[in-house]
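Please keep the sequence and the model in view while reading.

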Amino acid sequence: MAGLFDPVDLGAIQLANRIVMAPMTRDRAGDGDAPTDLMVEYYRQRASAGLIITEGTQPSAAGKGYWRTPGIYTPEQVKGWSRVADAVHAAGGRIVVQLMHVGRAAVAANKDADAETVAPSAVRCPDMIPGPDGVPQPCVLPRALETAEVPQVIAEYVQAGRNAIDAGLDGVELHCASGYLPMQFLSSNTNLRKDQYGGSAENRARFVVETLTALSEAIGAERIGFRICPGITLNGMADANPAETYAVLLDAVNGLGLAYLHLIDLPQPDLDALALAKRHWTRPLILNNSRGIEDNKARLASGEADVISLGRGFIANPDLVQRLKHNLPLAKPDRATLYTGLGDDARGYTDYPGAN
């Protein structure tokens, strides 16, 4: 029977406990979207997590959609992530970078002037996204990728994975949730393609399968995870049959030897995402369900999950693992400073004290 504080291996990544820091966008990247000294400190403070999964990090200029999110495709960005990795490792932690290409979920003002917005199909995201001033703006109409361009996007992910390993990070997580590019390929309402990447569930899953396969060949499957949230409607997702779509996806990648599946399990009237994952995935499972620590303990004890991930708790509690271990009170985050948009603003970021 597994407990929160028991060690576990996710592929080649050895965790000291089963509490993962979930990826959370914080909008603190510096010039050129490179990690800053403040980001180095932020992640160092939270290194007692069994594993840190970084905020979503774009693999290319086209992959950016939000203000001050970091990248991992320029030498300066890679150097910044190397300093983050060194700090986390020196504190005894493990850290992987989440690769996040937002696809159509983008505001032009947040991107480089020459960076395109691309997607599986030319279907605009209906949700609003904050611009540089924090005011929500309409998303731009994306350009549909040509068939010959899809392998180029996959190659950008692969190079980002290589850059992560070169930076000393422990691996990568492919972000396939939240209505971003991989999920746009998966979902029937955003993928209207007529080529081998569209139509059937097998075809719509092809982009994710090929990306995970290519990453595995480049850096080793045992250092790769991926995150899904079947049925989520964020950023205009409305797949006609998410149970079929994700069963096909999981069956296709279950045999690759990947380090983990990171499942966001949200309550849905017509879909039990955890049961779906357990039927079609036999490797390590990280569960994120927002149902409280006692429920998470029960999921570990029952074997429904191997590891649990927590997000908001790590914002105001850099020593969250110790607080949970010793039943200490948890601090609450200041919502006003979650996203300051300033790379040197420590408020609500690195200024939360530990319990002692």
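A residue is called buried when its relative accessible area is under 20%, exposed when it is over 50%, and partly exposed in between, using a 1.4 Å probe and protein chains only.

## Basis of the model

This is a predicted model, in which local features need pLDDT of at least 70 and side-chain atom pairs count only at pLDDT 80 or more, while totals for chains, interfaces and linings use all residues. Residues are numbered from 1 along each chain as its sequence is written, and side-chain values use heavy atoms, with hydrogens and water left out.

## Overall form

The chain contains 11 helices and 14 strands. These are DSSP runs numbered from the N terminus, with helices being H or I of at least four residues and strands being E of at least two. Along the principal axes, the C-alpha atoms fill a box of roughly 60 × 45 × 35 Å. The radius of gyration is taken over C-alpha atoms, and the globule rule is 2.2 Å times the number of residues to the power 0.38. For 356 residues a compact globule would have a value near 21 Å, and the 19 Å of the chain agrees with this.

Of the 356 residues in the chain, 59% are buried. A contact means heavy atoms within 4.5 Å. Among contacts between residues at least 6 apart in sequence, 70% join residues at least 24 apart.

## Surface and charge

The chain exposes about 13,700 Å², and carbon and sulfur atoms supply 51% of this area. Accessible areas come from the Shrake-Rupley method with a 1.4 Å probe, and for residues only the protein chains shown count as cover.

The chain has 33 positive and 41 negative charges, and their mean positions are 4 Å apart. Lys and Arg count as positive and Asp and Glu as negative, while His and the chain ends are not counted. Each charge is placed at NZ of Lys, CZ of Arg, CG of Asp or CD of Glu.

## Cysteines

A disulfide is a pair of cysteine sulfur atoms within 2.5 Å. By this rule the count is zero. The closest cysteine sulfur to that of Cys176 belongs to Cys229 and is 12 Å away, which is too far for a bond. Cys229 is likewise in no disulfide, and its nearest cysteine sulfur is that of Cys176.

Cys176 counts as buried because its relative accessibility is 0%. Cys229 is also buried, with a relative accessible area of 0%.

Val84 belongs to helix α2, which covers residues 75-90. Its relative accessibility is 0%, so Val84 counts as buried. Apart from neighbours within four places in sequence, Val84 is in contact with Pro35, Met39, Val40, Tyr43 and Ile95. Val172 is 88 residues from Val84 along the chain, and their C-alpha atoms are separated by 14 Å.

Gly93 lies in the loop between α2 and β5 and is buried at 0% relative accessibility. When neighbours within four places in sequence are set aside, Gly93 is in contact with Ala47 and Val88. Gly93 and Gly50 are 43 residues apart along the chain, with 6.7 Å between their C-alpha atoms.

## Other loops

Thr69 sits in the loop between β4 (51-57) and α2, and is buried with a relative accessible area of 1%. Beyond its neighbours within four places in sequence, the contacts of Thr69 include Thr25, Asp27 and Lys64. Thr57 is 12 residues from Thr69 in sequence and 6.4 Å away in space, C-alpha to C-alpha.

Val102 is in the loop between β5 (95-99) and β6 (118-119). Val102 counts as buried at 0% relative accessibility. Leaving aside neighbours within four places in sequence, Val102 is in contact with residues including Gly63, Tyr66, Tyr180 and Gln184.

## Positive phi angles

Asp27 has a phi near 55°, a positive value in a residue other than glycine. It is found in the loop between β3 (19-21) and α1 (37-45), and counts as buried at 12% relative accessibility.

Ser290 also is not a glycine and has a positive phi of about 55°. Its place is in the loop between β13 (285-288) and α9 (293-302). Is Ser290 buried or exposed? Ser290 is exposed, because its relative accessible area is 54%.
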